[in-house]
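Trainee: Hi! Could you walk me through this one?
Mentor: Happy to. Let's look at it together.

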Amino acid sequence: MGNDKRIPLIETKNLKKYFKTGSGMLHAVDSINIKLFQGETIGIVGESGCGKSTLGRTILKLIDPTEGEVLFNGQDISNYNTRKMRPLRKEMQIIFQDPYSSLDPRKSVIDIISEYMLIQKTLKSRKEAYNHAAELMDLVGLARRYADAYPHELDGGRRQRIGIARALSLNPKFIVCDEPVSALDVSIQAQILNLLMDIQDELNLSYMFVTHDLSVVKHISDNIMVMYLGVCVEFATSDDLFENPLHPYTQVLLDAIPEPSLDKRDQPFKLIKGEVSSPIDPKPGCRFASRCEHCMPQCMEEAPEYVETLPGHFVACYMVNEK
Ligand SMILES: Nc1ncnc2c1ncn2[C@@H]1O[C@H](COP(=O)(O)OP(=O)(O)O)[C@@H](O)[C@H]1O
Ligand SMILES: [Mg+2]
């Protein structure tokens with residue numbers, strides 16, 4: 001990773017997003033460094049509230065960073081205003097967890113998919129936009145007979161296909177997929193994941209795939225970043241992370257993946273003990289320390305450095321890096 005000469009499509013350098021709250025400064029995203037290359041997927045995993053969506057929204061510049069940089073194709077866009085961002089908006093899209101709340105219930109499927117093309121005027125006429133929308137329906141596996149249907153008439157899987165078609169309508173290079181299958185039945189999840197992977201191959205897209213469920217990102221991700229309260233605790237290729245999880249928090253997340261085999265299915269998940277630290281004015285030290293079964297005195301005093309422990313495998317943990 002360190003010696004890669006290619007220019008990443010998306011890069012962040014010490015990216016921070018803090019929110020002012022009544023009780024102090026909330027460190028939602030705290031010094032995140034990411035490199036994402038064209039055609040690749042980075043999975044962002046961590047519990048609810050750890051900053052995944054805020055990271056995605058800051059990279060898309062839907063919200064402004066507090067500190068640090070976001071680079072698109074090598075170009076620092078951190079300080080771009082709305083006008084300078086406009087041409088880049090087409091290149092970067094987002095797919096949401098709940099397509100229902102992000103789709104206008106009064107618009108038909110074909111109108112929803114044509115929406116961005118008509119706003120951005122990327123095609124000359126409404127007819128051309130409709131034609132392209134119909135092609136996008138084919139691409140996402142949505143039968144054309146649904147063109148005049150309304151979102152409430154379709155199931156969750158088909159609704160998510162509408163969201164995907166709309167996200168693709170401006171030919172983006174980068175898509176933040178924010179928990180895109182978390183609201184779907186397990187049987188439908190695999191279909192949507194496979195669709196996203198097929199489309200990625202066909203269009204050479206880069207994904208940032210955000211989820212609280214590690215099992216969901218295993219096959220779709222080239223690399224996975226594990227987040228805990230705003231910071232990255234571990235980063236590795238998907239294979240390395242699953243074969244050799246090094247951070248105690250990653251190990252807990254892996255243990256929490258339900259066993260498919262029948263005899264183990266009834267076993268309760270291993271819950272993490274201890275209190276979750278607050279992301280508001282966080283104390284010095286490792287943010288996972290209060291819940292970590294390996295916690296040592298130094299973990300409470302100073303945050304461990306983020307170290308390339310094995311080639312391409314980064315971890316922030318005293319136990320791992322001082323062996
Ligand atoms: N606009 C906001 N104002 C204040 N706090 C926010 C705002 N957006 C998110 N947060 C806080 O930032 C933290 C990270 O939230 P979020 O990025 O939504 O996490 P995730 O997507 O991992 O569940 C949470 O503590 C959340 O309450
Ligand atoms: Mg979220």
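**Around the ligand**

Mentor: The residues of the shell around ligand 1 divide into four nonpolar, five polar and two charged. Keep in mind that this is a predicted model.

Trainee: Okay, which residues surround ligand 1?

Mentor: Among them are Phe-19, Leu-26 and Ala-28, as well as Glu-47, Ser-48, Gly-49, Lys-52 and Ser-53.

Trainee: And which element gives the most to that shell?

Mentor: That is α1, with three residues. Both β2, residues 24–36, and α1, residues 52–59, supply at least two residues each.

Trainee: Where do polar side-chain atoms lie 2.8 Å from an oxygen atom of ligand 1?

Mentor: You'll find one on Lys-52, 2.8 Å from a ligand oxygen. Ser-53 also has a polar side-chain atom 2.8 Å from an oxygen atom of ligand 1. Gly-49 uses its backbone instead: a polar backbone atom there is 2.6 Å from an oxygen of the ligand.

Trainee: How much of ligand 1 does the protein bury?

Mentor: Taken alone, ligand 1 exposes 560 Å², and the protein buries 64% of that.

Trainee: Nice. New topic: how many aromatic pairs are there?

Mentor: The count comes to five aromatic pairs. Let's take Tyr-228 and Tyr-249: their ring centres are 4.7 Å apart, with the planes at 70°.

Trainee: Why is that pair called edge-to-face?

Mentor: Planes over 60 degrees apart count as edge-to-face. The planes of Tyr-228 and Tyr-249 are at 70°, so this pair gets that name.

Trainee: Where in the chain do those two tyrosines come from?

Mentor: Tyr-228 is in strand β9, residues 223–228, while Tyr-249 is in helix α10, residues 248–255. They are 21 residues apart, and the pair links distant parts of the chain.

Trainee: Is Tyr-228 buried or exposed?

Mentor: Tyr-228 is buried, with a relative accessible area of 2%.

Trainee: What about Tyr-249, buried or exposed?

Mentor: Tyr-249 counts as buried too, at 0% relative accessibility. The cut-off for buried is under 20%.

Trainee: Last one: which ring does the charged end of Arg-6 sit over?

Mentor: The ring of Phe-37, and the charged end of Arg-6 is 4.0 Å from the centre of that ring. Lys-84 is another example to look up: its charged end sits over the ring of Tyr-80, 4.5 Å from the ring centre.

Trainee: Great, thanks!

Note on methods: Residues are numbered from 1 along each chain as its sequence is written. Chains are lettered from A and ligands numbered from 1 in the order in which they are written. This is a predicted model: local features need pLDDT of at least 70, side-chain atom pairs count only at pLDDT 80 or more; totals for chains, interfaces and linings use all residues. Side-chain values use heavy atoms; hydrogens and water are left out. A residue is near a molecule or strand if one of its heavy atoms lies within 4 Å of it. A polar contact is a pair of N or O atoms within 3.5 Å; within protein, one must be able to donate a hydrogen and the other to accept it, and residues adjacent in sequence count only if both atoms are side-chain atoms. Accessible areas come from the Shrake-Rupley method with a 1.4 Å probe; for residues, only the protein chains shown count as cover. Helices (H or I, at least four residues) and strands (E, at least two) are DSSP runs, numbered from the N terminus. Ala, Val, Leu, Ile, Met, Phe, Trp, Tyr, Cys and Pro count as nonpolar, Asp, Glu, Lys and Arg as charged, and the others, Gly among them, as polar. Rings of Phe, Tyr and Trp (its six-membered ring) pair if their centres lie within 6.5 Å; planes under 30 degrees apart count as stacked, over 60 as edge-to-face and the rest as tilted. Buried means under 20% relative accessible area, exposed over 50%, partly exposed in between (1.4 Å probe, protein chains only). A charge sits over a ring if NZ of Lys or CZ of Arg is within 6 Å of the ring centre and within 35 degrees of the ring normal.
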